[in-house]
Amino acid sequence: MSLGTWVLVAAVAAGVLFSLAKVWWDGRFRKVVTREVDGVERVSAAEVGAELGERATLLQFSSAFCAPCRATRRTLAEVEGMVDGVRHVELDAESHLDLVRRLDILRTPTTLVLDRSGVVVKRASGAPRKPDVIAALATALDRQPH
């Protein structure tokens with residue numbers, strides 16, 4: 001085989017591996033690593049411009065031309081309807097740049113799961129699946145308020 005063929009094969013293989021990794025990683029909730037002094041990252045109702053949920057909040061950062069944001073909105077709204085005391089709040093990332101920077105939001109959609117006191121307990125970038133949202137929400141519902 002020629003050098004050009006080898007380069008083409010390597011490029012296709014790299015593309016396939018990258019696509020598989022992206023599919024596996026997108027929408028997965030992960031543990032929150034904080035940079036705050038007290039060890040927690042907290043979001044207030046004043047910062048989001050809406051009341052937080054009585055038991056937990058699903059905070060979604062979206063952008064205007066984001067197709068996965070619409071799918072995420074539907075998923076989070078369904079979960080909100082299923083679990084009492086849970087609130088879904090969607091924010092336009094461009095309109096809340098200070099909060100985006102503070103919370104290290106790098107892409108949309110990003111979903112943060114907040115406990116009843118506004119502490120960020122889980123986060124996911126990309127469109128999450130409903131079972132993953134419910135599992136992440138269970139972490140927030142089990143936490144004691146700080």
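Q: How many salt bridges does the count come to?
A: The count comes to 5 salt bridges, where a salt bridge is a side-chain nitrogen of Lys or Arg within 4 Å of a carboxyl oxygen of Asp or Glu. Keep in mind that this is a predicted model, where local features need pLDDT of at least 70, side-chain atom pairs count only at pLDDT 80 or more, and totals for chains, interfaces and linings use all residues. Residues are numbered from 1 along each chain as its sequence is written, and side-chain values use heavy atoms, with hydrogens and water left out.

Q: OK, which residue does Arg102 form a salt bridge with?
A: Glu47, with the closest N and O atoms 2.8 Å apart. That pair links distant parts of the chain, since Arg102 is in helix H4 and Glu47 in helix H2 (residues 45-48), 55 residues apart. Helices here are DSSP runs of H or I with at least four residues, strands are E runs of at least two, and both are numbered from the N terminus.

Q: And what does Glu90 meet in a salt bridge?
A: Arg73, at 2.6 Å, N to O. Glu90 lies in strand S3 and Arg73 in helix H3, so the pair ties together parts 17 residues apart in sequence.

Q: Arg101 and Asp98, how far apart are they in helix H4?
A: They are 3 residues apart, which is about one helical turn. Their salt bridge has its closest N and O atoms 3.8 Å apart.

Q: Is Asp98 buried or exposed?
A: Exposed, because its relative accessibility is 63%. The cut-offs are under 20% relative accessible area for buried, over 50% for exposed and partly exposed in between, with a 1.4 Å probe and protein chains only.

Q: Switching topic, which residues does the disulfide join?
A: Cys66 and Cys69, at 2.2 Å S to S; the cut-off is a pair of cysteine sulfur atoms within 2.5 Å. The link is right-handed, with 85 degrees about the S-S bond, and both cysteines are buried.

Q: Now helix H5: which of its residues are buried?
A: Asp132, Val133, Ala136, Leu137 and Ala140. Down the axis of H5 the buried residues fall within an arc of 130 degrees, so they line one face; the arc is taken over directions from the helix axis to the C-beta atoms.

Q: What's on the other side of H5?
A: Pro131 and Asp142 are exposed there.

Q: And what covers the buried residues of H5?
A: The cover includes H3 and strand S2 (56-62), with contact meaning heavy atoms within 4.5 Å.
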